[in-house]
Amino acid sequence: MVMSHSDSAIREKAFKELDSFLVEIPSWGFANTGTRFGKFVQAGAATTIEEKFADAAEVNRLTGVTPTLALHVLWDLPNGLKDVAAVRELEARFAIRSGSINPNLFQDQEYKFGSLCNPEAAIRERALVHVLDCVEIGKALGSRDISLWMADGSNYPGTQSVRKRIAWLEEALSATHQRLAPNQRLLVEYKPFEPAFYHTDIADWGMASHFARQAGPQACVLVDTGHHYLGQNIEQIVAWLLHTGLLGGFHFNDRRYADDDLTLGSIDPYQIFRIFHEIHSAQSEGLKLDIAYMIDQSHNLKGKIEAMVQTVVTAQELYLKAALVDRERLAELQQSCDLVAAEELYRGAFWTDVRPVVKEWREARGLPADPLAALRESGYVERVAREREKRSTVVGSYA
Ligand code: RM4
Ligand code: MN
Ligand code: MN
């Protein structure tokens with residue numbers, strides 16, 4: 001089973017793994033969100049970029065592993081590049097850096113029939129200009145990843161040329177790639193459904209891989225765990241992306257049905273463990289990986305900060321469980337096709353309670369031993385709720 005080493009060797013390995021595992025949290029995870037039927041407003045939700053930075057700093061104070069905040073450009077930088085100076089100031093004030101830059105290609109009226117895949121050239125151009133602005137924002141903020149998700153698609157068969165739209169998107173992504181600085185990356189996210197009901201222009205990892213390859217060497221694929229059909233084997237997709245060198249990052253969340261954006265591991269923690277196992281095993285075989293671990297969740301009912309802390313803690317636990325698989329032994333068992341022993345070893349790692357060692361690690365790093373309890377004790381949520389309650393209750397989607 002997992003614990004074949006001595007306790008201190010396990011502790012040493014665990015500490016090393018936890019030291020190297022950082023998680024990026026999304027600005028929109030602190031904002032008021034809802035479903036298409038309505039929105040339940042929380043007094044403590046962040047409505048300004050300043051509040052989002054403040055909340056991110058609180059999560060980082062409690063967990064110590066979330067130094068970057070993903071930004072969604074039109075929600076967080078409504079004036080684009082002009083807002084960079086203000087963001088810089090917030091970075092310094094809250095000791096949180098800007099993380100991935102997310103273009104917004106879905107909220108403007110012009111995008112009714114698509115953005116980079118719109119049949120009208122002028123609208124495609126407008127969308128491209130926005131993406132290129134995001135590249136410049138990334139450069140100005142020193143943030144590496146441009147994380148691209150589009151809502152483009154169609155609702156009815158025969159209403160759009162799927163192939164023309166492929167070509168338009170290829171053009172736009174190549175043009176974007178040309179503008180990247182040498183350290184920047186373009187992450188291409190896929191999603192099979194919502195908001196388009198018939199076809200989505202980047203619907204799965206095969207299409208995303210094609211677009212990434214075609215755009216250039218600094219483009220790779222982003223896997224959002226909620227963006228798959230229910231029966232899909234996500235860890236196999238991850239294994240393929242590792243094999244082809246195209247795995248750029250994750251948007252982590254959980255779901256029961258579709259893109260539910262529930263907190264990580266709330267429905268199926270074993271799924272995330274299996275994904276992490278693929279990554280750890282690729283790493284142990286010497287593959288050089290550069291994976292952005294990002295959260296993409298919207299907390300409609302749970303308290304925003306509490307849900308974020310819970311997510312980060314869960315991510316650490318699952319990452320560590322998968323790190324502790326005795327991979328040498330597993331390789332032998334796989335080789336000899338000892339199926340039950342292999343499976344039991346694998347499952348054994350999943351069932352190992354790593355919480356005590358994570359707690360030890362936190363104490364050793366000067367972090368609260370129990371971040372969720374520390375959050376409750378701090379009174380942060382009540383304080384910001386009191387302060388933020390006074391403002392107007394007008395809230396737009398996510399922002
Ligand atoms: C999409 C997708 C994107 C995220 C938006 C808010 O479903 O997951 O990554 O930015 O939601
Ligand atoms: Mn996503
Ligand atoms: Mn999503």
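Guide: Start with helix α6, residues 162-178. Its 17 residues reach 25 Å from first C-alpha to last, close to the 24 Å expected at 1.5 Å a residue. The expected span is 1.5 Å times one less than the number of residues. Helices (H or I, at least four residues) and strands (E, at least two) are DSSP runs, numbered from the N terminus.

Visitor: Which residues are buried in α6?
Guide: Among them are Arg 165, Trp 168, Leu 169 and His 177. Buried means under 20% relative accessible area, exposed over 50%, partly exposed in between (1.4 Å probe, protein chains only).

Visitor: What are the ground rules here?
Guide: The model is predicted: local features need pLDDT of at least 70, side-chain atom pairs count only at pLDDT 80 or more, and totals for chains, interfaces and linings use all residues. Residues are numbered from 1 along each chain as written, chains are lettered from A and ligands numbered from 1 in written order, and side-chain values use heavy atoms, without hydrogens and water.

Visitor: Switching topic. How many aromatic pairs?
Guide: The structure holds 21. Ring centres of Phe, Tyr and Trp (its six-membered ring) must lie within 6.5 Å; planes under 30 degrees apart are stacked, over 60 edge-to-face, the rest tilted. Phe 21 and Tyr 319 are stacked, 4.0 Å centre to centre with 15° between the planes. They sit 298 residues apart in the chain.

Visitor: Buried or exposed, that Phe 21?
Guide: Phe 21 is buried, at 1% relative accessible area. Tyr 319 is buried too, at 4%.

Visitor: Which cluster do they belong to?
Guide: Phe 21 and Tyr 319 form one aromatic cluster with Phe 250, Phe 252, Phe 276 and Tyr 293.
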